[in-house]
Amino acid sequence: MSALPEYRTRILLEHENVPLVSGVFVRPGESTPQDIPELPVFLKAQIPGATSRKSHGLVRRVDTCEELEHNLNILLSPGKWGQAEGVLITEGLDLETEYYAGCMLDFGNGDRLPGGVLLFSTEGGSGVEVRSGSLLKMRFSLLHPPATDEIEKELKVLENLKEHKAVAEFLEGMISTYIRYKLIVLEVNPLGVLKDGTVLAVDCRAEFENSAVSKSDREIFFPPEIGSSKNLTRLEEIVELINRDDPSGTGFFRQNRETPLEDSLRVATNLCGGGGKMLWEMTTGSRTDIFTMNESDTSGGLSAFKSYRILRVILAQKEAQVLLLTGSGMAFQNQYHLAAAVWKALKESPTPLPSLLRFGGTDEDKAQALFEKVSGSLPVPVRTYPPEVFPNAMVDDIMEIASVETETGKEYVPPSGEPAIIVERPPGKIYFYPEKWTGEEAPPSVKACPTGFLEWKNGKLSTNPEARCIGCLMCETASILEGTCELRVHLELPREVD
Ligand code: SF4
């Protein structure tokens, strides 16, 4: 899954006649356009996947022409999180009210077909992820999306909403944008209401699956001019290659270009989703004793194979002292699979880091239990936290865990011989050593496979062509913890950077 910055998400909404705050886009190297909205305006640096932009100084209000030139220059130059694709200049509106609206995929269950889900809250602005209780959820069919009056009927339950009809019309346009472009996520936050009752998108973002982009829309999703001016670090390039080879799920990574203060603690982060990034920002945004080495977002149901690869990149950051991993505490991503990826990365990285890990979501208890079992065998200290612990408490432990001596430089020895199975997507190689498992019964590694992809027939390993490998690492985890290490998974990093 890839992220679309605001200026490109606006193009999609415009095509479906969704009203937007007026704005113009400026690319690096271009001069200030003549047709900018009347001052004051907001300048917004466009970096795909970046969140908490205001607190990073990537969104600025300017009131004068001098401020406009000065700030535009800053935002168009490579900054803390690299080179922006450009700057969006939007009108500074006097908003009467701010709402939140989002469309996401509903994967369905035994009783319900997959479709979309519309989220709407009368409390917009930042922090909406931790106010999930105030959200109105409306499931919708992707084949027969709801008409304005059906949406309006649902909105009537919200007592403090006055503009039912105008908001329903807006949401209908949003749903049709979501469906037309086969998006995974589409968010408008805030959805602003002006004094005269006009409803419009003030800020927006989208996430999409590369393979779902139609030929005719490629220029919007992958503009040809983007790429040459990216100014990526080597590690950022590696993540781009990981995303190229395994496009499912979000894998976003940007390194901080600023120089840390001398005594600050350098923290590498793996933040799972926008909620994780927001909590980290709220916890450390004003602290000068903590230097965030990187922005990251691993979410959207990515495989454990991909989580492992991105973690290896995060751990490879020179001079990082601690790893902190957190989500918002309510992830769809299986936390046990994520924990298996973290365990493997800490074992196999030549530069593992003392780690603070906060698991929240499906199988969070199993994730914690895994580390209770294995952390004693790791070369670095690890602490885990349940989702109800706010990252403040984790930060309180950072100094102590960073001061523990760690064993680094251990060389990872890949499995020997020929792989028994080569998985193409997500890419990985599975090695099986029959001499280590001579019983007739299936070994733990095979029994642990949740999809039935691994099979045991007549005392031999085979695969079920009807099933798929989801890259969850459960086979290797069970092989080590319950078996005889009969199975290993080898996950190469992109060939170009090996
Ligand atoms: S083979 Fe099965 S258990 Fe192993 S990674 Fe693939 S789906 Fe998971």
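The crossing of helices H3 and H4 is right-handed, a term used when the near helix is turned clockwise from the far one by less than a right angle, anticlockwise being left-handed. What you are looking at is a predicted model, in which local features need pLDDT of at least 70 and side-chain atom pairs count only at pLDDT 80 or more, while totals for chains, interfaces and linings use all residues. Residues are numbered from 1 along each chain as its sequence is written. Helices (H or I, at least four residues) and strands (E, at least two) are DSSP runs, numbered from the N terminus.

Let us stay with that pair of helices. H3 covers residues 148-155 and H4 covers residues 164-180; they pack at an angle of about 125°, and their axes are 8 Å apart. Axes here are lines fitted to C-alpha atoms, for helices over the stretch in contact, and angles run from 0 to 180 degrees between N-to-C directions. H3 and H4 are therefore oblique to each other. In these terms, under 35 degrees is roughly parallel, over 145 roughly antiparallel, 65 to 115 roughly perpendicular, and the rest oblique. Thr148, Ile151, Glu152 and Leu155 of H3 meet His164, Lys165, Val167, Ala168, Glu169, Leu171 and Glu172 of H4, where contact means C-beta atoms, placed from the backbone, within 7 Å. Five of these residues are nonpolar, two are polar and four are charged. Ala, Val, Leu, Ile, Met, Phe, Trp, Tyr, Cys and Pro count as nonpolar, Asp, Glu, Lys and Arg as charged, and the others, Gly among them, as polar.

Now step back to the whole chain. Its domain assignment gives domain 1 (22-91), domain 2 (97-215), domain 3 (234-402) and domain 4 (421-497); such bounds come from an automatic or database assignment. Taken over C-alpha atoms, the centres of domain 1 and domain 3 are separated by 30 Å.

H8 passes H9 in a right-handed crossing. On the H8 side, the contact is made by Ala304, Ser307, Tyr308, Leu311, Arg312 and Leu315, and on the H9 side by His337, Leu338, Ala340, Ala341, Val342, Lys344 and Ala345. By class, this contact has nine nonpolar, two polar and two charged residues.

H9 also packs with helix H10 (residues 364-374), at an angle of about 25° and with axes 7 Å apart. H9 and H10 are therefore roughly parallel to each other. Their contact brings together Gln335, Tyr336, Leu338, Ala339, Ala340 and Trp343 of H9 with Glu364, Lys366, Ala367, Leu370, Phe371 and Val374 of H10. Nine of the contact residues are nonpolar, one is polar and two are charged.

Some loops deserve a look too. Pro40, in the loop between strands S2 (23-26) and S3 (41-45), is joined to Leu39 by a cis peptide bond with omega of about 5°. The bond from Arg425 to Pro426 is also cis, with omega near 0°, and Pro426 sits in the loop between strands S19 (421-423) and S20 (428-432). Glu319, in the loop between H8 and strand S16 (322-327), has a positive phi near 75° although this residue is not a glycine.

Finally, turn to the ligand. Around the ligand are Ala448, Cys449, Thr451, Phe453, Leu454, Cys469, Ile470, Gly471, Cys472, Leu473, Met474 and Cys475, each with its C-beta atom, placed from the backbone, within 6 Å. This shell has 10 nonpolar residues, two polar and no charged.

Methods
Contact = placed C-beta atoms within 7 Å.
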